[in-house]
Amino acid sequence: MNRREIVIDALNHKSTRPIPYAVDLTHQARERLIAYMGNASVADNLGSFMRGVSGSGDFEDVPGKPGYVKDIFGVVWNRNGADKDIGVIDGFVIKDPENITYQFPIADIAEFRRRLQKLVASDTDEFKFANFGFSMFERAWTLMGMENVLTYMITCPESLEAFFDKICEFWIPLVDIALEYNIDGVMFGDDWGQQHGTIMGPEYWRRFIKPRMARLYQKVKAKGKYVLQHSCGDCRELFPDLIEIGLDCYQTFQPEIYDIKKIKETYGKDLSFWGAISTQQCLPKMDAKQVQQEIVRIARILSVNGGYILAPTHSIPGDVKPENILAMLEVFQNQEKFI
């Protein structure tokens, strides 16, 4: 079996050996690993079973402001701090939630098609997907501020619902384009959780987020493709709803938040999990041997009856030692010796 077939078996809740794995590095972690190994290609040969292309648009440099970039929605990000990959928002675009005159950008369809064509034309055997980051709640708060969005859910819900509809309508034609190509699935990125519970609470998530995500999910399901959802934080209150609207795989699955064995037993027949190797605790704080022991422990729990993509809980941050990255990869790539 090739990597794609192994991932599909796992998503269909079939036991696989090896367990499919995925690894992504932040810019800083990548630089540290390359410097440590003295080999510029080392970060390009991680062996991940998953390969995606972004449908969320590119960033462009802000003239005269080194370290600042602007996304296609007009949001400016300051990358001069600790986060070199995303950054911190430098002001908000939408000021008046009851009179939203914001005009959505025109997506670069030609560039998106070029990426998709390159993805499907490659002769590699990974599970291939389109990735739409900052897809709903995150897109709203990057434009108008998180505290504001949460407040507007109470003070002007009708106006905010109409805006969420417009966000959804921006993504629908891009999802349709992605589904014209021979990909295996679509991933949506939208952080809904915090360390304990959801940011907006399940009631407001069900009103503002769920119906729009259901529309996007159903586009994917209608084409017989897999739906994958990234959300950091504690989303357990939402799992039944996500299963209801068609989610196949939840990423990321943080072991410092969840009782992973209990969640696996409760939802593992319907939902696959991607992640669970902590980038908060395990990878940055343990030594190499402890990292390997923790990976083995987690993999043995979550890989029962398939439904697991072995992976760090997020792109590996810059505070993770190269030795720990290599220890992780040793387990991932030589599972017959460890798991």
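The model is a predicted one. Helix α4 spans residues 137–144 and is mostly covered, while helix α11 spans residues 288–302; the largest nonpolar core holds 114 residues.

**Helix α11**
- With 15 residues, α11 reaches 21 Å from its first C-alpha to its last, which is close to the 21 Å expected at 1.5 Å a residue.
- At the start of this helix, a side-chain oxygen of D287 comes to within 3.2 Å of the backbone nitrogen of K289.
- V291, Q292, E294, I295, V296, I298, A299 and L302 are the buried residues of α11, and their packing partners are the helices α9 (260–267), α10 (282–285), α12 (322–333) and α13 (335–338) together with the strands β10 (272–277) and β11 (308–312).

**Helix α4**
- Eight of the eight residues of α4 are buried, namely F137, E138, R139, A140, W141, T142, L143 and M144.
- These buried residues pack against the strands β4 (76–78), β5 (88–89) and β7 (185–189), and against the helices α5 (146–155), α6 (157–178) and α7 (201–222).
- Just after α4, G145 adopts a positive phi of about 95 degrees.

**The largest nonpolar core**
- Among the 114 residues of this core, those that touch the most other members are F132, F188, W192, F239, W274 and M328.
- The largest share of the core, 12 residues, is contributed by α6.
- M328, when its neighbours within four places in sequence are left aside, is in contact with V23, L283, V291, I295, P312 and I316; of these partners, V291 and I295 are among the buried residues of α11.

Notes:
Residues are numbered from 1 along each chain as its sequence is written. This is a predicted model: local features need pLDDT of at least 70, side-chain atom pairs count only at pLDDT 80 or more; totals for chains, interfaces and linings use all residues. Side-chain values use heavy atoms; hydrogens and water are left out. Helices (H or I, at least four residues) and strands (E, at least two) are DSSP runs, numbered from the N terminus. The expected span of a helix is 1.5 Å times one less than its number of residues. Buried means under 20% relative accessible area, exposed over 50%, partly exposed in between (1.4 Å probe, protein chains only). Contact means heavy atoms within 4.5 Å. A polar contact is a pair of N or O atoms within 3.5 Å; within protein, one must be able to donate a hydrogen and the other to accept it, and residues adjacent in sequence count only if both atoms are side-chain atoms. A nonpolar core is a set of buried Ala, Val, Leu, Ile, Met, Phe, Trp, Tyr and Cys residues joined through side-chain atoms within 4.5 Å.
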